[in-house]
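Here is a quick tour for anyone opening this model for the first time. Have a look at the sequence and the 3D view, then read on.

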Amino acid sequence: MARPQTSRSATTPDLERDACPCGGPTFDDCCARYLEHGDMAPSAEALMRSRYTAFVRHNAAYLLDTWAARTRPATLDFDDAPQWLGLQIKAHRQSDASHAEVEFVAGYKVGGRAQRLHERSRFERSDDGRWRYIDGDLFD
Ligand SMILES: [Zn+2]
C-alpha cells in the first residue's frame with residue numbers, strides 16, 4: 001500500500017523512511033543511530049545488524065571502523081557488491097565480556113539468482129568498549 005503523499009517530507013530521502021535493511025522498523029529508528037550518530041552498538045548482534053545495513057548502504061567508513069584492526073582490509077569498495085535481500089540472525093552467543101559470535105543468513109542476488117550467505121561471525125569488544133568484527137566461518 002502506498003504512503004499518502006502528505007506524509008512525505010520533501011527533504012527526507014525515501015531511503016530513511018523505509019524499513020531498515022537489517023529488518024528493523026525504519027532506518028531512522030534502527031541502525032541510523034550507529035551508522036550516522038556514532039552510538040555504540042550494545043551487543044555483537046546489534047553491531048552485526050548495523051554492519052549488514054552498512055553493506056546495503058555502501059557505508060565503507062562505518063564498516064572499516066567496526067572491523068578489528070588486525071583483520072581489517074585497507075580499503076573497501078562496492079564495485080562487485082551484490083543486491084542484498086535481507087538478514088536473518090540465527091544465533092548470538094556471547095562467550096565472555098569481550099567475545100561473541102553471531103550466526104546469520106543474508107540473502108542476496110547475483111545475476112538475477114537469489115543466493116544465501118550463511119556465516120558465523122566472530123566479534124570482540126575492545127578497550128574502548130566498542131564491538132568489532134574479526135572474521136567468520138562460512139557454512140555450505
Ligand atoms: Zn537496522
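## The overall picture

Out of the 140 residues in the protein, 26% are buried, where buried means 20 or more other C-beta atoms within 10 Å of a residue's own, exposed means 12 or fewer, and partly exposed is in between, with C-beta atoms placed from the backbone. This is a predicted model, so to speak of local features a pLDDT of at least 70 is needed, side-chain atom pairs count only at pLDDT 80 or more, and totals for chains, interfaces and linings use all residues. Numbering starts from 1 along each chain as its sequence is written.

The protein has 4 helices and 4 strands, taken as DSSP runs numbered from the N terminus (helices are H or I with at least four residues, strands are E with at least two). From the N terminus on, the order is α-α-α-α-β-β-β-β. As for contacts, meaning C-beta atoms placed from the backbone that lie within 7 Å, 38% of those with a separation of 6 or more are between residues 24 or more positions apart.

## How confident is it?

The mean pLDDT (the predictor's confidence in each residue, from 0 to 100) is 91, and 89% of the residues reach 70 or more. Residues 5-12 fall below 50, and this stretch has 2 contacts in the model beyond near neighbours in sequence. Where pLDDT is low, the predicted coordinates should not be read in detail.

Helix H3 covers residues 44-56, which makes 13 residues. From first C-alpha to last, H3 reaches 18 Å, close to the 18 Å expected at 1.5 Å a residue (the expected span is 1.5 Å times one less than the number of residues). H3 is mostly covered, with 13 of its 13 residues buried. Just after H3 comes histidine 58, with a positive phi of about 55°.

## A spot on the outside

Where does aspartate 29 sit? Its place is in the loop between helix H1 (14-17) and helix H2 (32-35). Aspartate 29 counts as exposed because 11 other C-beta atoms lie within 10 Å.
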